[in-house]
Amino acid sequence: MAHLLSVSCFSNISSGSRSYSKPLNQCSISSHASVSLRISSSPLKNLALWANRSQRCGTIYAAAVSVGQEARVQPGSGSDQASDGASVPKKVMVIGGDGYCGWATSLHLSNKNYEVAIVDNLVRRLFDHQLGLDSLTPISSIHNRIRRWKSLTGKDIQLYVGDICDFEFLSEAFKSFEPDAIVHFGEQRSAPYSMIDRSRAVYTQHNNVIGTLNVLFAIKEFGEDCHLVKLGTMGEYGTPNIDIEEGYITITHNGRTDTLPYPKQASSFYHLSKVHDSHNIAFTCKAWGIRATDLNQGVVYGVRTDETAMHEELYNRFDYDGVFGTALNRFCVQAAVGHPLTVYGKGGQTRGYLDIRDTVQCVELAIANPAQRGEFRVFNQFTEQFSVNELAALVTKAGEKLGLEVQTISVPNPRVEAEEHYYNAKHTKLVELGLKPHLLSDSLLDSLLNFTIQYKDRVDSKQIMPSVSWRKIGAKPKTVAA
C-alpha cells in the first residue's frame, strides 16, 4: 500500500503563452488550456493505472488558468497594497484542495479575491475505489469543478496534480506559483483508515509526516516569508482530566514556572502523525524563522457553503461510512434511511465540533492575520462541544419533526478511548480574530437531514457499520469483500 501511492504527476495549467514549468516529458494537449505533465520515477504505478495515466506521456483536460491582470480584486479582501498603491491579490496554495475541507476552502478564498492554486494527488478518490466507498453526494472531477467555478464567477484556480512527498514536484509547484500563504490539508485524515492494517498505518505516517516536512523545506528554500496554515486536530490532545489550552500550558513544578507545549495523547496512528507534524513545525519556526499557524480542528459537519451551493458540479463530498464519515454526518444519513443511529460504547465521548462554513472562515482569518516570523501559533478550531449521546438526541429530535422514526443503538466501540470523561477545551483565539460561528441549530439540522434524504438512494447500507478495530489491526493487508 505504501508503494501504491507514491506516483506523482506534475500538472501545471497556464494561460496564453506563459508557461510555468519545464516538465521531463512533454505531452500533446487537446484542451482549452496548456498542460504540462511529469510523472516521477517513483516505483508506485498502480495509482497511475487507476488514473489512466500509466504511460509516460498523457493528456489532462482542464479549464483552469492562472489569474491574470483581468482578475477583479476588491481592496482589503484577499489583497495586499503594492508600492504604487494598487491592490495585489494574495496568493494562497491549498494543498489537498480536492478534499472535503480543501475544496470548500479553495472556493471560499477564491470568492474572497485571493489568487488560489490547488495542489492535490487526488488519492482521496482512490481510497474510495480501494475500499468500495462513495460520497453521498455525486462529486465532479477536479477539472470539471474548476472549469465550472470559472464559468460561474470568472475567477481562475490553478491546479497542480502531484504528490507533495515528491519534493521535486513540490519545489516546481512552489517556484511556479510563489505563494504568500500555504493552507495544508494534504494529509490522510482518517483515524480508522490508519488503523485498517500495517500498510495503511505506514502510509498515513509517511504521507503526513514526510509531506509536511517537504512543505517546510520548500518554504525555507523558496519563500521564507510564506505563512504556513496547517490543519491539525483536537485529537492531538486526547481527553485529559484538566482543561485543554490552545497549544501551550503554563505550569509550575518544584518552584519553577514555564510555558510549554500542551501534552499530547494521540489515539491512533493518524493522530500520532499530526503530533509529529506539530513538533516538526514548532522546531522549524524556532530554527529557521518560519511563520506558522496550527489549526487544531474539531469534528466538522455539514456539506454546503455559499460557494459549493452555487452549482451541482461544485458540490462537496459527504462521507457517511465507518472509515471517513464523521459522527453528525453519519447520524443524519442513518436517520434518513431508517438505520438506527450507531453510538459507540457508552456514548459519553465528547469532542469539539464545527460547521464546515466555519472551517473556511477560520482559515481565512488565519491567512488575513498571519503569524510573525519564527512564531508557531496554535488555535483550537471548533465552536461547540457535544457528546456522542447528545448528538444522537439532537438528530432524533430533528428527525421526528420531519416524520422520521429515529432509533439509537449502542454498538461495541471499535476504538480504544475513554467513553466517559471530562472535556473542556478553550477556543477563544479565533473568536478574538473575528470568527462568527454557525452554531448547531434546529434549522441547520433540518437542512442537513433534508439534504441527506434527497440523496438517500445513494446510500450503501453495508458501509454504515464500523469495520475497523483498533485492537485487531495486523500486518496482513486487509481487503474489502465485493
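Predicted model: local features only at pLDDT ≥ 70, side-chain atom pairs only at ≥ 80, totals over all residues.
Residues are numbered from 1 along each chain as its sequence is written, and side-chain values use heavy atoms, with hydrogens and water left out.

Let me begin with the sheet, which is open, has three strands in the order 13-15-17, and shows mixed pairing; strands are DSSP runs of E with at least two residues, helices are runs of H or I with at least four, and both are numbered from the N terminus, and two strands pair if DSSP finds at least two bridges between them. Strand 13 (299-301) and strand 17 (384-387) stand at the edges with a single partner strand each, so one side of each has no neighbour in the sheet. Strand 13 pairs with strand 15 (residues 350-355) in the parallel sense over three bridges, and Val 300 has Leu 354 in strand 15 as its bridge partner.

Now to Glu 313, which lies in the loop between strand 13 and helix 9 (327-336). Its side chain is joined to that of Arg 148 by a polar contact of 2.7 Å, where a polar contact is a pair of N or O atoms within 3.5 Å, one able to donate a hydrogen and the other to accept it, and residues adjacent in sequence count only if both atoms are side-chain atoms.

Is Phe 269 buried, partly exposed or exposed? Phe 269, which is in helix 8 (residues 269-288), counts as partly exposed because its relative accessibility is 32%, given that buried means under 20% relative accessible area, exposed over 50%, and partly exposed in between, with a 1.4 Å probe and protein chains only.
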